[in-house]
Protein chains: 2
Amino acid sequence: MLSDWRADLLETIERTGSLARAAETMEVPYRTAWYKLKEIEEQLGLRLLETQSGGLGGGRSTLTVEARQLVQRFRRLTVGVSELVSQRFQAEFGDWPR
Amino acid sequence: MLSDWRADLLETIERTGSLARAAETMEVPYRTAWYKLKEIEEQLGLRLLETQSGGLGGGRSTLTVEARQLVQRFRRLTVGVSELVSQRFQAEFGDWPR
DNA sequence: TAGCGTTATGCTACAGTTTGCATAACCGAT
DNA sequence: ATCGGTTATGCAAACTGTAGCATAACGCTA
């Protein structure tokens with residue numbers, strides 16, 4: 001339910017302080033980004049964003065504590081994995097004919 | 001282009017000796033299984049099946065040597081990886097509230 | 001109060017995937 | 001010769017994910 005891309009999205013929201021800006025930064029429609037977030041929230045049964053519409057800058061979004069923890073854990077989970085995969089891939093398919 | 005599920009499919013074909021039976025075993029329509037195989041063959045540019053229609057039992061399918069090697073390598077590639085992942089997952093999310 | 005940029009969400013369209021149905025060819029066994 | 005079960009494929013329908021467009025509410029700022 002989480003993925004590298006989704007973790008990126010969450011981090012970008014945190015960095016930009018807005019879902020709209022995060023979506024633009026990641027070059028994905030706002031509609032889609034929003035939908036993805038809802039998906040995660042639904043699957044995991046938790047709220048990811050602390051949002052406010054209106055006000056300074058039009059509004060803002062920040063991550064909830066749970067979301068921040070989630071991303072942290074996910075990052076720790078995946079670090080080293082892709083390296084292992086490509087290493088194994090090299091070992092098994094390095095001599096692949098095509 | 002390969003995946004756990006696809007490797008399963010190939011192994012099931014080998015085990016049952018028939019694409020039709022493999023599809024039934026894996027509870028996926030014959031049409032779909034066939035389509036998936038074509039997809040892999042096309043992407044990798046190799047033949048996966050040694051087929052015969054008609055004859056004893058109506059016909060049969062067995063894996064080509066290349067297909068068998070492919071599955072073997074893929075299994076070796078993924079075995080250590082999934083172990084690492086589930087170990088890491090346990091470490092990071094073992095105490096996850098839900 | 002009017003304007004602006006953001007959140008939130010419904011409706012719709014479009015593209016790609018999956019699936020159902022149909023048909024043809026094949027060939028050993030009866 | 002006919003039957004059965006299999007491979008092979010075309011075609012169209014159903015389903016799914018992604019994206020575009022529209023609209024409403026919100027609240028700071030000018």
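**Where the chains meet**

The contact between the chains draws on 12 residues of chain A and 13 residues of chain B. This is a predicted model. On the chain A side, helix 4 (65-78) and helix 5 (81-93) each supply at least two of the residues that touch chain B. Helix 5 of chain A gives the most, with 7 residues. Sorted by class, the side of chain A that touches chain B has 6 nonpolar, 1 polar and 5 charged residues.

Now take one pair of helices. Two packed helices are described by the angle between their axes and the distance between the axes. For helix 5 of chain A and helix 4 (residues 65-93) of chain B, the axes come within 9 Å and cross at roughly 160°. An angle over 145 degrees counts as roughly antiparallel, so that is how helix 5 of chain A and helix 4 of chain B run relative to each other. The crossing is right-handed.

Which residues make this contact? From helix 5 of chain A they include A:Leu84, A:Phe89 and A:Phe93, and from helix 4 of chain B they include B:Leu77, B:Val81 and B:Leu84. Charged residues take part as well, among them A:Arg88 and B:Arg73.

Last, the DNA. By class, the surface near DNA strand C has 8 nonpolar, 13 polar and 4 charged residues.

Definitions and conventions
Residues are numbered from 1 along each chain as its sequence is written. Chains are lettered from A and ligands numbered from 1 in the order in which they are written. This is a predicted model: local features need pLDDT of at least 70, side-chain atom pairs count only at pLDDT 80 or more; totals for chains, interfaces and linings use all residues. Two residues are in contact if their C-beta atoms, placed from the backbone, lie within 7 Å. Helices (H or I, at least four residues) and strands (E, at least two) are DSSP runs, numbered from the N terminus. Axes are lines fitted to C-alpha atoms, for helices over the stretch in contact, and angles run from 0 to 180 degrees between N-to-C directions. Angles under 35 degrees count as roughly parallel, over 145 as roughly antiparallel, 65 to 115 as roughly perpendicular and the rest as oblique. A crossing is left-handed if the near helix is turned anticlockwise from the far one by less than a right angle, and right-handed if clockwise.
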